[in-house]
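Hi,

Here is the structure I promised to send over.

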Amino acid sequence: MRADRLVSLVLLLRQRGRLTADTLARELEVSTRTVLRDIEALSAAGVPVYAERGRHGGFALLPGFRTELTGLNHDEALALLAAGSGRGEQVFGLGAALASAMRKVVDALPESHQATAGDAARRFLVDPETDLLSRRTAADEVPGATMVVEVRRAVLAGHKLRIRYAATGQGPRWRTVDPIGLVTVRDRGYLLATRSGEDRTYRLSRVLAAEELPEPAQRPDRVDLDRIWRERSARFLADDHLTVLVRVNPVRREELLGTVLAVRAEAPDADGWPRLEVTFQDSRHAEWALWQLGTDAEALAPQSLRNALRDRAATVAARYGEASREPFRPGGP
């Protein structure tokens with residue numbers, strides 16, 4: 001909207017000083033001609049913006065001019081700036097809106113805090129592209145901004161949504177869904193919806209086109225998106241993976257959790273050890289993970305996993321129960 005763009009233009013000039021029309025056009029994602037018209041509109045409205053001619057010229061505001069955007073303290077602005085440093089906003093097509101919001105956040109601070117907040121936010125890194133093992137966390141490529149806008153509108157308005165979706169191993173086809181919400185996980189966007197009353201989860205990168213429909217979506221008025229996502233994730237993992245009931249020494253609980261795919265339930269056992277229902281990739285994954293914990297963990301179910309761990313322990317016990325071998329003598333025959 002033009003009003004939002006005019007505010008963003010003023011904030012850019014306040015925070016960065018003199019800027020050329022070309023620079024403003026790039027920042028605001030509009031044409032140079034549109035910027036010049038906006039400058040004229042601001043001048044007519046009494047905003048003290050003026051042009052400087054010459055090689056290093058551009059547009060600037062008279063010193064001391066300040067907009068009336070207040071209400072954030074230093075830590076509140078820092079929290080917003082740090083959150084905005086992640087990449088998830090691109091998944092939902094909100095990158096330009098976030099940039100505009102961040103300019104307003106900075107301008108809301110007293111001048112003495114603006115530089116320190118910006119510098120402090122640069123000292124926080126949210127969701128980098130690689131982890132400590134140098135594995136890249138590649139983001140999904142979402143087909144188009146128009147599609148994302150249609151999906152977002154339908155979710156927020158509570159309208160049915162028609163999407164052209166390419167499921168794995170299938171050709172794209174149209175389907176009509178009742179959207180519930182949008183989720184981003186490690187720069188992958190998902191649409192949570194129902195279709196004919198059945199739960200459905202769609203990767204946004206596989207939505208090739210979308211159309212918001214006028215009919216109201218069939219969905220509850222209130223939603224706990226975090227709970228729905230946990231439940232769907234658990235169902236997805238249970239479909240092809242191994243669920244294990246295990247007791248673990250509390251001091252090694254976090255070590256166990258670092259090896260599982262998901263935790264489905266947890267409760268204290270009689271002796272104070274946590275009893276957890278967890279999901280592993282398969283039986284080999286579960287056997288390896290629990291073997292690392294030795295006697296600090298006990299698999300309670302399934303019985304096949306208990307048998308595998310018992311057999312492995314028996315083999316190790318038998319190996320070390322043998323008569324001691326001839327000691328190794330360096331340099332001997």
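To start you off: which residue in β7 is the bridge partner of Arg164? In β7, Arg164 is partnered by Ala209. Before you go further, keep in mind that this is a predicted model.

β3 (residues 159-165) runs antiparallel to β7 (residues 207-216), with 6 bridges between them. β3 also pairs with β4 (residues 173-185), again in the antiparallel sense, through 5 bridges. There, Leu161 sits opposite Val177 of β4.

β9 is joined to β10 (residues 274-280) by 6 bridges, and Ala267 has Arg275 as its bridge partner in β10.

The peptide bond joining Ala301 and Pro302 is cis, with omega about 5°. Most peptide bonds are trans, and most residues other than glycine have a negative phi. On that second point, there are two residues to check:

- Glu29, in the loop between α2 and α3, has a phi near 60° and is exposed at 63% relative accessible area.
- Ser196, in the loop between β5 (188-195) and β6 (198-203), has a positive phi of about 55° and is exposed at 73% relative accessibility.

The axes of α2 (residues 21-28) and α3 (residues 32-44) come within 8 Å and cross at roughly 100°, so α2 and α3 are roughly perpendicular to each other. On the α2 side the contact is made by Ala21, Asp22, Leu24 and Ala25, and on the α3 side by Thr32, Val35 and Leu36. By class, that makes 5 nonpolar, 1 polar and 1 charged residues.

Now the charges. The count comes to 19 salt bridges. Here are three of them:

- Arg18 pairs with Glu52, with the closest N and O atoms 2.8 Å apart. Arg18 is in the loop between α1 (2-16) and α2, and Glu52 is in β1 (residues 49-52), so the pair ties together parts 34 residues apart in sequence. Arg18 is partly exposed at 42%, and Glu52 is partly exposed at 28%.
- Arg247 pairs with Glu298 at 3.1 Å between the closest N and O atoms. This links β8 to β11, with the two residues 51 apart. Arg247 is buried at 13% relative accessible area, whereas Glu298 is partly exposed at 30%.
- Arg253 pairs with Glu266, the closest N and O atoms being 2.8 Å apart. Arg253 is in α9 (residues 253-257) and Glu266 in β9, 13 residues apart. Arg253 is partly exposed at 22%, as is Glu266 at 39%.

Salt bridges with shared partners also join Arg247, Asp269, Asp271, Arg275, Glu298 and Arg306 into one network.

Cheers

Conventions
Residues numbered from 1 in each chain as written. Predicted model: local features only at pLDDT ≥ 70, side-chain atom pairs only at ≥ 80, totals over all residues. Heavy atoms only, no water. Pairing = 2+ DSSP bridges. Helix = DSSP H or I, 4+ residues; strand = E, 2+ residues; numbered from the N terminus. Axes fitted to C-alpha atoms, helices over the stretch in contact; angles between N-to-C directions. Parallel < 35°, antiparallel > 145°, perpendicular 65-115°, else oblique. Contact = heavy atoms within 4.5 Å. Nonpolar A, V, L, I, M, F, W, Y, C, P; charged D, E, K, R; others polar. Buried < 20%, exposed > 50% of the residue type's maximum accessible area, 1.4 Å probe, protein only. Salt bridge = Lys/Arg side-chain N within 4 Å of Asp/Glu carboxyl O.
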